Amino acid sequence: MAYDWRKEEYEVTRPGRTRIDYRQEIGRAHVPIGVERGFTVVDAERAETLRAWVSALIPAAGERPAAEEVGAAEYIDATVFLTPRLRGVLLDAVDAVDRIASEMVGERFAVTGPAEQEAVLRAFEANDPLDAFPMVRDLTYEAYYAHPRVLEVLERETGWRYEIAISGGELEPLDEHLLARMREVPARYRKV
Amino acid sequence: MADEERDVLIVGAGAAGGAMAWSLSRRKVDVVCLEQGDWVPPAMLPKNHLDWEVRARRSWSPSPNIRQWPSDYPVASYGDDPISVFIYNAVGGSTIGYAGNFWRFAPSDFRVRSLDGVGVDWPIGYEEMAPYYTINEREMGVAGLAGDPWSPSREPLPLPPAPLGPHGRLMIDACERLGWQWWPTEQAIATRPYDGRPACDLKGFCPFGCPQGALATVDVTYWRKALKSARNGVDLRTNARVREITLHPDGRAKGALYYDGEGRLQEVRAKVVVVAAGGLGTPRVLLHSTSARHPDGLANSSGMVGKNLMVHVQTFAIGRFAQPLQGWQGTWGGAVSTRQFYETDPANDFVRGFVLSINPGWSPLNLALQVAPWGAEHHAAMDAHLNHEATLFCCGEDLPDSRNRVELDWDSLDAHGLPGVKTFYAFDDNSTKLGAAMIGRARELLDAAGAVSVRDFGVSPPLGWHLMGTARMGDDPATSVTDADNRVHDVPNLFIADSSSLPTGGGVNPTSTIQAVALRCAERIWEMRGELG
Ligand SMILES: Cc1cc2nc3c(=O)[nH]c(=O)nc-3n(C[C@H](O)[C@H](O)[C@H](O)COP(=O)(O)OP(=O)(O)OC[C@H]3O[C@@H](n4cnc5c(N)ncnc54)[C@H](O)[C@@H]3O)c2cc1C
């Protein structure tokens with residue numbers, strides 16, 4: 001139950017839709033997280049842009065790493081490696097981000113400052129008919145929030161005990177005294 | 001190709017098919033079951049892995065279109081409120097990814113036409129269902145407490161209720177403050193070691209696979225026993241996709257043609273055939289079983305096969321609290337629920353009602369995708385929400401409407417060239433008003449619990465994990481597909497018993513009722529064995 005499917009941009013199948021729905025496309029593309037890997041689809045120059053892009057989505061803050069530090073760009077690359085139909089979408093998007101950067105600030109995206117990067121990404125996000133932006137964002141969030149380094153920091157900083165989901169935990173059993181009022185209520189279901 | 005004639009053939013090894021196979025096989029009936037999916041190996045369960053949240057969006061996605069298992073078939077969604085369809089095709093059916101929120105219907109749920117002038121009455125009532133609910137609760141292992149004044153009196157449940165957790169306490173305090181009814185929710189979870197299964201250790205996020213086997217998914221409950229029961233157990237054939245139900249020249253069901261794991265066509269013959277392929281799978285098989293005698297599909301003289309699709313009016317309302325809430329653990333079948341607004345209230349502008357059940361908050365990735373904007377504000381949003389939320393599952397009744405339906409989709413085929421399905425769905429006025437009232441009450445409850453803010457998912461697109469009504473039971477052959485015993489009006493030895501059988505869906509999660517219907521049908525088949533051969 002990945003409940004984000006109900007976000008506004010979630011689209012169920014409709015007739016006449018031509019753009020590739022990356023959410024369906026990546027269904028069979030599982031990429032392990034926290035594994036050292038290089039790039040296979042994205043070349044070195046575009047890799048630089050993609051790294052900067054993911055870190056603009058989730059920047060470093062205190063102990064929390066930036067997304068590029070946990071391999072989010074490589075994760076995206078590995079995902080589109082497994083989904084060839086999405087490779088073009090990603091490569092075009094990276095190029096578009098660099099093109100907008102050069103038009104707006106006269107620099108490559110990777111070397112411009114945080115405020116400029118944000119402006120560039122907002123401009124791209126606003127005009128993204130192929131859904132590349134949400135694809136990069138969602139994959140970045142995946143790479144980030146499934147990474148052990150991030151989960152450990154989150155536990156320290158928010159108390160979220162991620163390992164309980166794997167190893168189990170304990171809670172107090174129900175105290176039936178709490179039901180005192182309810183037990184006094186006469187039968188209330190509708191008779192037929 | 002065909003082997004010897006068996007007593008009973010069941011199509012589908014899900015919630016209903018599993019219950020039925022167990023019930024018949026313990027009476028020494030020779031049962032063969034054809035299931036298009038396979039057993040789910042432990043390694044496939046997301047919760048056996050640290051990256052379970054990602055796996056839940058990939059190979060474990062509840063959408064067959066996303067995960068694309070070999071057993072899946074394409075499902076397209078149309079209509080004003082196109083359904084987000086969530087089903088699993090495997091041994092255990094959709095229970096392998098369910099939450100175990102396990103309700104009996106209320107007596108009024110079987111009589112909505114007589115009581116409220118809407119929908120249809122069931123051909124059977126609560127009293128007839130009660131013994132089968134009890135058997136099912138024992139066999140599945142249901143946790144809870146008898147004594148809820150909002151339910152008819154009943155025998156004790158086999159297992160004590162699950163722990164409340166901080167979110168459960170918040171809900172109880174809020175209900176007490178508001179003077180609303182509340183009760184620990186019945187959940188199909190082994191809260192103690194039960195029937196060979198270990199106790200729940202509260203890993204939470206139950207639908208992402210229960211490595212413990214404490215969640216009562218049908219692969220670990222009925223199937224474990226059905227395979228061991230008398231007469232060498234049920235002959236469960238996996239990776240066996242039924243193409244069509246076959247008929248004898250006299251019109252009686254003969255068996256089924258299916259594709260085996262290698263894609264070869266096989267045939268099974270049986271004295272009795274039961275279709276239990278789920279709310280979409282059952283009409284798919286029937287509509288595809290055409291012949292000169294049944295050009296519009298088998299069992300379809302009423303034209304009702306595939307019609308009256310119901311999904312419930314559902315949403316989640318999420319409260320954010322100042323204090324931390326240990327959201328990483330606790331069951332997801334709703335620790336505590338209120339049925340304060342379950343029955344029709346003449347003061348409302350709608351009929352029928354809803355339940356509200358409390359669960360913990362979301363896990364990091366799901367939460368980030370829901371609430372955390374990208375960029376500079378990202379971490380602050382996560383800090384505000386992670387471990388500070390409680391999630392109210394809201395479920396209300398929608399009513400049968402023949403425009404809401406399932407059709408074959410010849411534009412999207414499965415791996416065997418069989419058509420996928422198209423669903424068409426739109427909420428009617430009653431559902432729309434009920435949904436608005438449900439969200440209003442959910443917000444009121446979370447406010448009373450002290451939430452600093454509340455968000456909700458809205459009711460559309462509908463969460464499509466309760467897919468009901470598409471081959472309904474009824475007394476009138478002109479408006480229903482089967483009779484009260486789940487016997488097809490048109491074919492005397494063909495039965496349909498699963499979620500498609502439900503004439504109306506109540507306002508609660510339906511699996512307990514689906515299985516009770518299946519157990520009752522199994523008993524009827526046993527009682528009719530002389531006539532059925
Ligand atoms: C994410 C999720 C959460 C849920 N949570 C809850 C909950 O908390 N409480 C609750 O009550 N319900 C819940 N449900 C719903 C519950 O799982 C279903 O109501 C129930 O499983 C339906 O039972 P069924 O027997 O009708 O269909 P299923 O259990 O889906 O079984 C149908 C079976 O038939 C097989 N089949 C279909 N077509 C063919 C064919 N042609 N040949 C061979 N085999 C075929 C399928 O592969 C499948 O295994 C949830 C469902 C999901 C997906």
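## Exercises on a ligand between two chains

In this predicted model, the ligand lies between chains A and B.

**Exercise 1.** Determine how many residues surround the ligand, and how they divide by class.

*Solution.* Begin with the count: the ligand is surrounded by 35 residues, and the closest are B:E35, B:S94, B:N101, B:S499 and B:T511. Next, sort the shell by class, which gives 17 nonpolar, 15 polar and three charged residues. Finally, assign the shell to secondary structure: in chain B, α1 (15-25), β7 (241-247), α8 (278-288) and α12 (511-527) each contribute at least two residues.

**Exercise 2.** Identify polar atoms of chain B that lie within 3.5 Å of an oxygen atom of the ligand, and state what share of the ligand's accessible area the protein covers.

*Solution.* Take the side chains to start with: B:S94 places a polar side-chain atom 2.9 Å from a ligand oxygen. Then turn to the backbone, where a polar atom of B:A90 is 3.0 Å from an oxygen atom of the ligand, and a backbone N or O atom of B:P510 is 3.5 Å from a ligand oxygen. As for cover, on its own the ligand has 1,000 Å² of accessible area, of which the protein covers 98%.

**Exercise 3.** Describe the interface of chain B and chain A by its contacts, buried area and salt bridges.

*Solution.* First, 95 residues of chain B contact 74 residues of chain A. Second, the area buried between the two chains is about 7,400 Å², with carbon and sulfur atoms giving 64% of it. Third, six salt bridges cross the interface, among them the one between the side chains of A:R64 and B:D383, at 2.5 Å from N to O.

Methods. Residues are numbered from 1 along each chain as its sequence is written. Chains are lettered from A and ligands numbered from 1 in the order in which they are written. This is a predicted model: local features need pLDDT of at least 70, side-chain atom pairs count only at pLDDT 80 or more; totals for chains, interfaces and linings use all residues. Side-chain values use heavy atoms; hydrogens and water are left out. A residue is near a molecule or strand if one of its heavy atoms lies within 4 Å of it. A polar contact is a pair of N or O atoms within 3.5 Å; within protein, one must be able to donate a hydrogen and the other to accept it, and residues adjacent in sequence count only if both atoms are side-chain atoms. Accessible areas come from the Shrake-Rupley method with a 1.4 Å probe; for residues, only the protein chains shown count as cover. Helices (H or I, at least four residues) and strands (E, at least two) are DSSP runs, numbered from the N terminus. Ala, Val, Leu, Ile, Met, Phe, Trp, Tyr, Cys and Pro count as nonpolar, Asp, Glu, Lys and Arg as charged, and the others, Gly among them, as polar. Contact means heavy atoms within 4.5 Å. Buried area is the accessible area (1.4 Å probe) that two parts lose on being put together, summed over both. A salt bridge is a side-chain nitrogen of Lys or Arg within 4 Å of a carboxyl oxygen of Asp or Glu.
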